[in-house]
Amino acid sequence: MKSPTEINVAVEALKKGELVAFPTETVYGLGADATSDQAVARLFAAKGRPSINPLISHVCNAQAAFALGMFSVDAKKLAEAFWPGPLTIVVPRAPRCPISLLASAGLSSIALRVPDHPLALELLRAVNRPIVAPSANLSGRTSPTTAAHVKRGLGKKVAVVLDGGPCTVGVESTVVSFMNERATMLRPGGLSRNEIEQVLGHDLDVEADSKRPHSPGQMESHYAPHALLRLDATSPRKGESYLGFGSHDNGPYTLSERGDVVEAAANLFRMLHELDGLGVKAIAVAPIPHDGLGEAINDRLRRAAAPRPKT
Ligand code: TXA
Ligand code: MG
């Protein structure tokens, strides 16, 4: 629990249109007042994020979300089953939704989430308005799972960094859209497909783009550490550091020695940050099973290994 003054300083900064980084159970978020065009524009600029990529609005409970978007019966079912938690729900904007249109990047939809972290919830309750928050890193780089990662990546661009220790889930929320007839998974994340499908009672649709995950031309580079990544590697080659998985791997950078994808997700971004900190040039990554949170881990690794835009 943070002292009330620390929360108050963060609340005042948000109300002035400044940026506040805060912990969630998935990754650290870079927060701004979702109802202020200026604050949202400042956030896009600080991250170097293309303004065509919409943002998630965070609220302190499901009731607050239901006032901002139009939830179908199935969308409500997921909200009630999994919030607070690592799930983002995309629904049509409510008629008088006060969230900046910039946050929706010109779409008629809005992405909403109730994070499962005491400090995030305390902040959201105290500020009493929706807060947009992408991961608190420069666009395209590795997401932060500690306050130190945030400070290293964003430095003076952030007015306040609330430190809530390392994130427990370690990969971003699963994004499910209700903009089409059938619920569609837009991004695999901290809540597994299986858990969602069990509550819905049917399969999630998959977005057309992610049906072509193996054609690198379609794949946007994202989550990238400075080092180059080689995936599905059973052992390192000369000059490579090894990011292992499973009982046969026991090096210092093993995502989960007991072969647990939940533990691996929690370690993924931290280990990529640490290897970057050591200045390694190339990282070979062990194969990761695709079930449960493995789907999200493999998604992040694929994008981190994708060809990078020339800078
Ligand atoms: O776990 C998380 O979701 C973290 C923490 C801070 O909550 N936030 C996060 O935000 O990962 P960001 O901005 O890095 O990712 C937001 C994702 C993007 O893939 C974006 O395209 C999608 O959500 N998104 C946001 N609004 C959308 C909308 N209206 N329609 C479709 N996709 C949307
Ligand atoms: Mg991100």
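## Salt bridges between the domains

Two salt bridges are found across the interface of domain 1 and domain 2, a salt bridge being a side-chain nitrogen of Lys or Arg within 4 Å of a carboxyl oxygen of Asp or Glu. Arg300 forms a salt bridge with Glu172. Their closest N and O atoms are 2.9 Å apart.

This is a predicted model, where local features need pLDDT of at least 70, side-chain atom pairs count only at pLDDT 80 or more, and totals for chains, interfaces and linings use all residues. Residues are numbered from 1 along each chain as its sequence is written, and side-chain values use heavy atoms, without hydrogens and water.

## The two domains

Domain 1 covers 4-206 and domain 2 covers 228-305. These bounds come from an automatic or database domain assignment. The C-alpha centres of the two domains lie 26 Å apart.

## Contact and buried area

In domain 1, 21 residues are in contact with 13 residues of domain 2; contact means heavy atoms within 4.5 Å. The two domains bury about 1300 Å² between them. That is the accessible area (1.4 Å probe) lost on putting the two parts together, summed over both. Carbon and sulfur atoms hold 59% of it.

Which residues of domain 1 lose the most area to domain 2? They are Thr142, Val171 and Pro188. Together they make up 36% of what the domain 1 side buries.

Technical notes: Chains lettered and ligands numbered in written order.
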